[in-house]
Amino acid sequence: MGVSNYDISSTVGTLVSQRLVRKLCKKCAKKREFTDEEKVLINQIGERYNVKFNLEGKYTYDAVGCRECNNSGYYERIGIFEILSIEDNIRELIVKDASTIEIRNEALKTNYKPLLVDGINKVIDGITNLKELDRKLVIY
Ligand SMILES: [Zn+2]
């Protein structure tokens, strides 16, 4: 684009990423407990990003399909977000042309919550499920 790293870092104050995931159809979604494998996965993601997910008393849903949702099991979409505000520490890394991983690790020290964390929260809230999340963000 012909824009230097410095130009970007000095003009952009906040970066927002968004992915759209399908919401489970409330009419036909089938409630069940999280499997042990799913619990392990969610806890691993929590550890990676230093977030504690509480699965106590929470259920997940399998997509089934009915007339309401055209047999897809999903109905409408919802955005999952991550917001990265460019503070001085991040700005410095961008100017130094640091890797995405370095920038992400630095951001995690502040209040940055990655897409995956927002996504998992929406799975725990029963809005979508791990299968749908995995279609948009590779999680397994
Ligand atoms: Zn349905």
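The model is predicted: local features need pLDDT of at least 70, side-chain atom pairs count only at pLDDT 80 or more, and totals for chains, interfaces and linings use all residues. Residues are numbered from 1 along each chain as its sequence is written, and side-chain values use heavy atoms, with hydrogens and water left out.

**Zinc site**

Select the zinc ion. Its protein donors are the SG atoms of Cys-25, Cys-28, Cys-66 and Cys-69, lying 2.3 Å from the metal. Donors here are N, O and S atoms within 2.8 Å of the metal (3.2 Å for Na, K and Ca); water is not among the atoms, so sites may look incomplete. The angles among the four donor atoms run from 106 to 112°, and the site is tetrahedral (four donors, all angles between 85 and 135 degrees). Along the sequence, the donor spacing reads C-x2-C-x37-C-x2-C.

Now colour by accessibility (buried under 20% relative accessible area, exposed over 50%, partly exposed in between; 1.4 Å probe, protein chains only). Cys-25 is buried at 2%. Cys-28 is buried at 13%.

**Surface patch**

Next, select Val-16, Phe-81 and Ile-83. They form a nonpolar patch on the surface, with about 280 Å² of accessible area together. Patch residues have over 30% relative accessible area and no salt bridge; nonpolar side chains (Val, Leu, Ile, Met, Phe, Trp, Tyr) are joined within 5 Å, like charges within 9 Å. Areas come from the Shrake-Rupley method with a 1.4 Å probe; for residues, only the protein chains shown count as cover.

Phe-81 sits in strand S4, residues 74-85 (strands are DSSP runs of E, at least two residues; helices are runs of H or I, at least four; both are numbered from the N terminus). Phe-81 is partly exposed, at 37%.

**Core**

Turn to Ile-45, Phe-53, Ile-120, Leu-133 and Ile-139. They have the most contacts inside the largest nonpolar core, which has 20 residues (buried Ala, Val, Leu, Ile, Met, Phe, Trp, Tyr and Cys joined through side-chain atoms within 4.5 Å). Helices H2 (36-49), H5 (115-124) and H6 (130-136) each supply at least two core residues. H5 gives the largest share, six.

**Salt bridges**

The whole structure holds 10 salt bridges (a Lys or Arg side-chain nitrogen within 4 Å of an Asp or Glu carboxyl oxygen). Pick Arg-32 and Glu-38: their N to O distance is 2.9 Å. Arg-32 is partly exposed at 25%; Glu-38 is buried at 9%.

Finish on Lys-122 and Asp-118, bridged at 3.1 Å. They are separated by about one helical turn because they lie four residues apart in helix H5.

Conventions:
Tetrahedral: all angles 85-135°; square planar, octahedral: opposite > 155°, others 65-115°.
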